[in-house]
Protein chains: 2
Amino acid sequence: MQKPPPSPTKQTPSIVHVAERAGVSVATASRVMSNSSYPVSPTTRQKVLSAAAELGYAPNSLARSLRSQRSKLIAALVGDNTDPYFAEIMRGVEEVANEHGYLTIVCNTDRTPSKELYYLQALRDYRTDGIIFAGGGLSDPKHAEQIEEVVNEMTGRGAAAITLSQHTLNVPSIQADNFGGARDMTTRLIELGHQRIAIVTGPANLTVANVRMQGYMAAMVEKGLTIDPQLMLAGNFDQISGERAAQTVTQLPVESRPTAIFAANDETAFGVILGLLRRGIRVPQDISVCGFGDLPMSRLLSPALTTVQIPLRQLGRAGALALLTLLRREQIPAIEVIATKIIERESTAPPRTR
Amino acid sequence: MQKPPPSPTKQTPSIVHVAERAGVSVATASRVMSNSSYPVSPTTRQKVLSAAAELGYAPNSLARSLRSQRSKLIAALVGDNTDPYFAEIMRGVEEVANEHGYLTIVCNTDRTPSKELYYLQALRDYRTDGIIFAGGGLSDPKHAEQIEEVVNEMTGRGAAAITLSQHTLNVPSIQADNFGGARDMTTRLIELGHQRIAIVTGPANLTVANVRMQGYMAAMVEKGLTIDPQLMLAGNFDQISGERAAQTVTQLPVESRPTAIFAANDETAFGVILGLLRRGIRVPQDISVCGFGDLPMSRLLSPALTTVQIPLRQLGRAGALALLTLLRREQIPAIEVIATKIIERESTAPPRTR
DNA sequence: CTGAAAGCGCTAACAG
DNA sequence: CTGTTAGCGCTTTCAG
């Protein structure tokens, strides 16, 4: 059974048709259809309205945007919309956009500078009013320059841009307190009695990852603990790298093993826990594990994950709101920090007394 | 209505400027900038190209779309982009769109007919070329009619629409084999030796939920088992309803308790498992549990979830591809079914022999 | 209050 | 091969 291909049948009515049918000029028709503040007599207005209704008239946003130089389109540039981290941010962005009559375009960059650049150009071509960089800035000097150029071009034209994490781009930024969150979490572990605390880092070229590591180091130093390079495990923000880290740890001689492992994000923490459990090491009895992010599934694991919660949806909402403010030509602070919060669950505990 | 360009720092160059600078007509400039097949001499082409480069010219897609009556915009209408189910589909859609030079608009409907209608109108106004209905059709006769009207209006105009699940809309559809998957899973449970198999259904007004229930019933009947109404638990596709179902089950007299519970989706299954474990019932030793969907986290649970896998990303890709085919005025089947697959993990086992 | 007309930036006839 | 021109559908001066 085949479906007949769609073939354009009836002509979409334009405002000209509405004007004709209502017996008024297009100017007047436009004024009522666009809710202009320009005065139109109640009777004329009514005539236009019913003509539009009879015709099933729908304004052409493309023409409107072309004319007004405002597309009412905003874009969310994310690493991968499938990643709950980005999904949650996108949700916040989309909600605010929707509430204000904007449409949201998704762009998955896969953290690839070239894809990011490609998308940016497309967005520029569509005269997208605003762009939210949800992911971190990619440290790739070659593309960074071009990306910056396109962004400047857009902002120079009246568009707005904003980042939701540390970024090389010189645009306003709204960020979760990654440093503070990591420092607080580490401090908490220390207060629990841990001394040998390992960290599984994120991708070296990702700024958020580095900032979290800084937070960890700051706490260690503040508390007078030494940072053992052996306990700084390279990770990649994914589960696999967490499992690898667990493996590395278990190969360490018992006396130099950490009593706690701080994974730079939740996914990595899942991997760590899984890797540990597979090797018969109990969490948190033998080793405590914590993450960063508080993904929805973090509380479902057993043991449920202790982690640093980032108010992601709120971050997305704040970002979109800031964008709209910028579009209204109003000032916003260059950088706004949103507090994170430690959520203690089952994966952390005081270290075993030897 | 919309705000004028706030502070046009530098005037965005249009094709007219390019033409002037290259010393050619706009027609010629357009021909080279739009990669028209129309012949242009190599020298002229070069002149235009360098003029464009010097000016930093970027084509205006809005104008292009207005003129060509094709926006190169497609939209994914999802229940909630935060739901891994939809996120995965969206990813597939976005990938294909991107590969073909289209931009993807996200619309979260929250399964609300009014929001769906609102979005549809906005998409129509933007002359979106194609729409993918990722969620099921909402059984709400009042809005359904209006929604259908807008969709017809759009397809009549040359746009394409497609659904990725059972839907009242009369447009082509690409679907996972929900019936077959549920039947196979149920059959598998029966083969393991289960006789008393409960099902936790999805929202009654969601077609997918009903189809899965049908599959369950078909298998039961085929195998000559009776369907005990006591074992048909009302669910809502969320974790809470799964926990509630677990509670209900544990309140049943021991002899009439099920030995296996089939949750209509994974989230519900998580809830069931959680609820069971909390009450000291072991999974799968005491009761087997399985789900439908294979969310990423399903394999991370302990016990890892046995479930029916839906190739979601592929579904999204297939949907977008179908849309593009339709846009090319080519035929596609009215309905295409994509096979599901049973993934057996740790949450199911033969029933305990009494 | 209403209307005529000038474009927004681009493509595609239709001439040369 | 190149150029002129007529719109796509809409908003907004600028005149009544």
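In this predicted model, the surface near DNA strand C has 14 nonpolar, eleven polar and three charged residues. Two or more residues each come from helix 2 (26-33) and helix 4 (61-68) of chain A, and from helix 2 (26-33) and helix 4 (61-68) of chain B. Helix 4 of chain B gives the most, with five residues.

Chain A contains twelve helices and 13 strands. Its radius of gyration is 26 Å, whereas the globule rule gives 20 Å for 354 residues, so chain A is more spread out than a compact globule. The C-alpha trace of chain A spans about 90 × 55 × 40 Å along its principal axes. Buried residues account for 53% of the 354 residues in chain A. Of the contacts in chain A between residues at least 6 apart in sequence, 75% join residues at least 24 apart.

In chain B, six strands form an open, mixed sheet in the order 7-6-8-9-10-13. Strand 7 (232-233) and strand 13 (341-343) stand at the edges; each has a single partner strand, so one side of each is left without a neighbour in the sheet. Strand 8 (260-263) and strand 9 (288-293) of chain B pair in the parallel sense over three bridges. Within strand 9, B:Val289 is the bridge partner of B:Ile261.

Helix 10 (239-250) of chain B packs on this sheet and touches strand 6 (197-200), strand 7 and strand 8. The direction of helix 10 makes about 150° with that of strand 6. Helix 11 (266-278) of chain B also packs on the sheet, touching strands 6, 8, 9 and 10. Its direction makes about 160° with that of strand 9.

Conventions
Residues are numbered from 1 along each chain as its sequence is written. Chains are lettered from A and ligands numbered from 1 in the order in which they are written. This is a predicted model: local features need pLDDT of at least 70, side-chain atom pairs count only at pLDDT 80 or more; totals for chains, interfaces and linings use all residues. Helices (H or I, at least four residues) and strands (E, at least two) are DSSP runs, numbered from the N terminus. Ala, Val, Leu, Ile, Met, Phe, Trp, Tyr, Cys and Pro count as nonpolar, Asp, Glu, Lys and Arg as charged, and the others, Gly among them, as polar. The radius of gyration is taken over C-alpha atoms; the globule rule is 2.2 Å times the number of residues to the power 0.38. A residue is buried if 20 or more other C-beta atoms lie within 10 Å of its own, exposed if 12 or fewer, and partly exposed in between; C-beta atoms are placed from the backbone. Two residues are in contact if their C-beta atoms, placed from the backbone, lie within 7 Å. Two strands pair if DSSP finds at least two bridges between them. Axes are lines fitted to C-alpha atoms, for helices over the stretch in contact, and angles run from 0 to 180 degrees between N-to-C directions.
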